[in-house]
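Dear colleague,

Please find the structure below, handed over for your use.

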Amino acid sequence: MPAIDGLPPLRDVIVTHGLSAKKALGQNFLLDLNLTAKIARLAGDLSGSDVLEIGPGPGGLTRGLLAEGARRVLAIEKDRRCLPALAEIAAAYPGRLEVIEGDALDIDPLAHLTPPIRVAANLPYNVGTELLVRWLTPPDWPPFWDSLTLMFQREVAERIVATPGSKAYGRLALLAQWRADPHIVLNLPPEAFTPAPKVSSAVVHLTALPAPRHAADPKVLERVVAMAFNQRRKMLRAALKGLAPDIQDRLIAAGIKPTDRAETVSLEQFCALARAVAAG
Ligand code: SAM
């Protein structure tokens, strides 16, 4: 069946451009254009938005985003072998795809984008988590993005949406849920990718809230949460001892039992604790 954009099937693109997958770059490609179009639709209404895509590879998701009507796509790719394949897509969608060669961790894409901006990516796990944390912790809120639609290992996706009392609950859940609304919107088996990775994956869609759910200083909250979960088995009065000499009183002021452990404390309670700690 010919692709809707008149470009060759992705399996042919990979052969033509010699894009054998490199493990070091976390290359597990999505070659089913129906699936990439579905992921693009999960990113929301793209028609009025610029989309930042990290790691386009041979361009399956890029083609999905453009076919689903993205106003413009800015794609950042580290592997220069992919650039000719991406240039063919740019030619098929004149003026709508810009590709930057480089490491997404080093490039500031904002000069190339016009709001509203959505982010969509199928990235290697380590880069994905690092970028997610950066996107969730800018100095000011709301951030540059309206939504993030990101592929993760299923286990990481579960950490992002986890609730108190579960093993997966921790720093990532609190960062993601304080100022955004995250949901797992698609589960994918290993065979959805070429080559198939060892683990299952999931797409997480996060929308930015206009303001944080509860008041707290971001730096203090991050510090409290990091310390609390660094020693997640310890009671909070011990795990947070270094934070303030009277931490026991501050925990009580925030409505938290000093004998509680981090994994039972809600986002609202962590924010109250951050306020109590910042109160000096
Ligand atoms: N989006 C494509 C797809 O769905 O088929 C490729 C996905 S593959 C899992 C990850 C892509 O990210 C690869 O093309 C890889 O070269 C690229 N990549 C890896 N590290 C990167 C980085 N630090 N910055 C930009 N791209 C990177």
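**Salt bridges**

Glu158 is partly exposed, with a relative accessible area of 32%; here buried means under 20% relative accessible area, exposed over 50%, and partly exposed in between, with a 1.4 Å probe and protein chains only. This is a predicted model, in which local features need pLDDT of at least 70 and side-chain atom pairs count only at pLDDT 80 or more, while totals for chains, interfaces and linings use all residues. Residues are numbered from 1 along each chain as its sequence is written, and side-chain values use heavy atoms, with hydrogens and water left out.

The side chain of Glu158 forms a salt bridge with that of Arg154, at 2.8 Å from N to O. The term requires a side-chain nitrogen of Lys or Arg within 4 Å of a carboxyl oxygen of Asp or Glu. Arg154 and Glu158 lie about one helical turn from each other, because they are four residues apart in helix α6 (residues 154–161). Helices (H or I, at least four residues) and strands (E, at least two) are DSSP runs, numbered from the N terminus. Arg154 is likewise partly exposed, at 27%.

In the whole structure, 14 salt bridges are found. One of them pairs Arg80 with Glu101 at 3.2 Å, N to O. This pair links distant parts of the chain, 21 residues apart: Arg80 is in the loop between β2 (72–77) and α4 (83–92), and Glu101 is in strand β3 (residues 97–101). Arg80 is exposed, with 56% relative accessibility, whereas Glu101 is partly exposed at 38%.

A further salt bridge joins the side chains of Arg250 and Asp246, at 2.8 Å from N to O. Arg250 is buried, with a relative accessible area of 13%, while Asp246 is partly exposed at 29%.

**Helix packing**

Two helix pairs are described here. The axes of helix α2 (residues 33–42) and helix α3 (residues 60–67) come within 8 Å and cross at roughly 55°. Axes are lines fitted to C-alpha atoms, for helices over the stretch in contact, and angles run from 0 to 180 degrees between N-to-C directions. The angle makes α2 oblique to α3; angles under 35 degrees count as roughly parallel, over 145 as roughly antiparallel, 65 to 115 as roughly perpendicular and the rest as oblique.

On the α2 side, the contact (heavy atoms within 4.5 Å) is made by Leu33, Thr36, Ala37, Ile39 and Ala40, and on the α3 side by Gly60, Leu61, Arg63, Gly64 and Leu65. Six of these residues are nonpolar, three polar and one charged. In this classification Ala, Val, Leu, Ile, Met, Phe, Trp, Tyr, Cys and Pro count as nonpolar, Asp, Glu, Lys and Arg as charged, and the others, Gly among them, as polar.

Helix α7 (residues 171–179) packs against helix α11 (residues 267–278) at an angle of about 90°, with the axes 10 Å apart, which means that α7 is roughly perpendicular to α11. Leu174, Gln177 and Trp178 of α7 meet Leu267, Phe270 and Cys271 of α11. The contact of α7 with α11 has five nonpolar residues, one polar and no charged.

**Leu7**

Leu7 lies in the segment before α1 (10–16) and is buried, at 12% relative accessibility. Apart from neighbours within four places in sequence, Leu7 is in contact with Arg63, Glu88, Ile89 and Ala92.

With kind regards
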